[in-house]
Amino acid sequence: MITLFSSLLSGIIATIITLVWTWQNARKDKRYEYKLSVFKDLMAYRNDITEKASSSGVFEAAINQVFVAYNDCSDVLDKFEVFRKTVSYNKKNGDAVIADLLQLLKSMAKELEIDYTFSNDDLFSKPIQIGKE
């Protein structure tokens, strides 16, 4: 009887542990995917912020989601707040805006463990534009 009870109890405990572990990993994976999605949109639509491009609005939508997606990353939030203030109060200084955006994107890449050491800062600040002069 004791063996049966201990077998049932250990099975129930193992099931609970497995369910909790699976739930936590699924939540962590979803958060990572959301962070990655925001980062990919920012990188893919950097052309929206160049002088020669017409804006699709995707870059702005993604930049406005940074504080939600990266809410658990204090470094990214700090860089986001600096960037937000620069854009809000110092728009005329384009170099400051680009410098702060660069720091934000690098911080996001670091959080996502994306290796960008193969290149320089131009990787983030100068999007590829084919066929544009």
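**Close-up views of a predicted model**

View 1. E33 sits in helix α1, where helices (H or I, at least four residues) and strands (E, at least two) are DSSP runs numbered from the N terminus. This is a predicted model, in which local features need pLDDT of at least 70, side-chain atom pairs count only at pLDDT 80 or more, and totals for chains, interfaces and linings use all residues. Residues are numbered from 1 along each chain as its sequence is written, and side-chain values use heavy atoms, with hydrogens and water left out. With a relative accessible area of 47%, E33 is partly exposed (buried means under 20% relative accessible area, exposed over 50%, partly exposed in between, with a 1.4 Å probe and protein chains only). Between E33 and L112 there are 79 residues in sequence, yet their C-alpha atoms are 9.6 Å apart in space.

**View 2. Helices α4 and α5 side by side.** Here the axes of α4 (residues 74-89) and α5 (residues 94-111) come within 9 Å and cross at roughly 160 degrees. Axes are lines fitted to C-alpha atoms, for helices over the stretch in contact, and angles run from 0 to 180 degrees between N-to-C directions. The two helices are therefore roughly antiparallel (the word is used for angles over 145 degrees). Look for D75, F80 and F83 among the α4 residues that meet α5, and for A96, L101 and M108 among those on the α5 side. The residues of this contact divide into 10 nonpolar, three polar and four charged (Ala, Val, Leu, Ile, Met, Phe, Trp, Tyr, Cys and Pro count as nonpolar, Asp, Glu, Lys and Arg as charged, and the others, Gly among them, as polar).

**View 3. The largest nonpolar core.** This core has 24 residues, and F39, L42, I63, V66, Y70 and M108 have the most contacts inside it. A nonpolar core is a set of buried Ala, Val, Leu, Ile, Met, Phe, Trp, Tyr and Cys residues joined through side-chain atoms within 4.5 Å. Helix α5 gives the most to this core, with seven residues. Leaving aside neighbours within four places in sequence, L42 is in contact (heavy atoms within 4.5 Å) with F59, A62, I63, V66, L105 and M108.

**View 4. L101 in helix α5.** L101 lies in α5 and counts as buried, at 6% relative accessibility. Beyond its neighbours within four places in sequence, L101 is in contact with I49, F59, I63 and F83.

**View 5. E113 in a loop.** E113 is found in the loop between α5 and α6 (122-125). Although not a glycine, E113 has a positive phi of about 60 degrees. E113 is exposed, with a relative accessible area of 72%.

Key. Angles under 35 degrees count as roughly parallel, over 145 as roughly antiparallel, 65 to 115 as roughly perpendicular and the rest as oblique.
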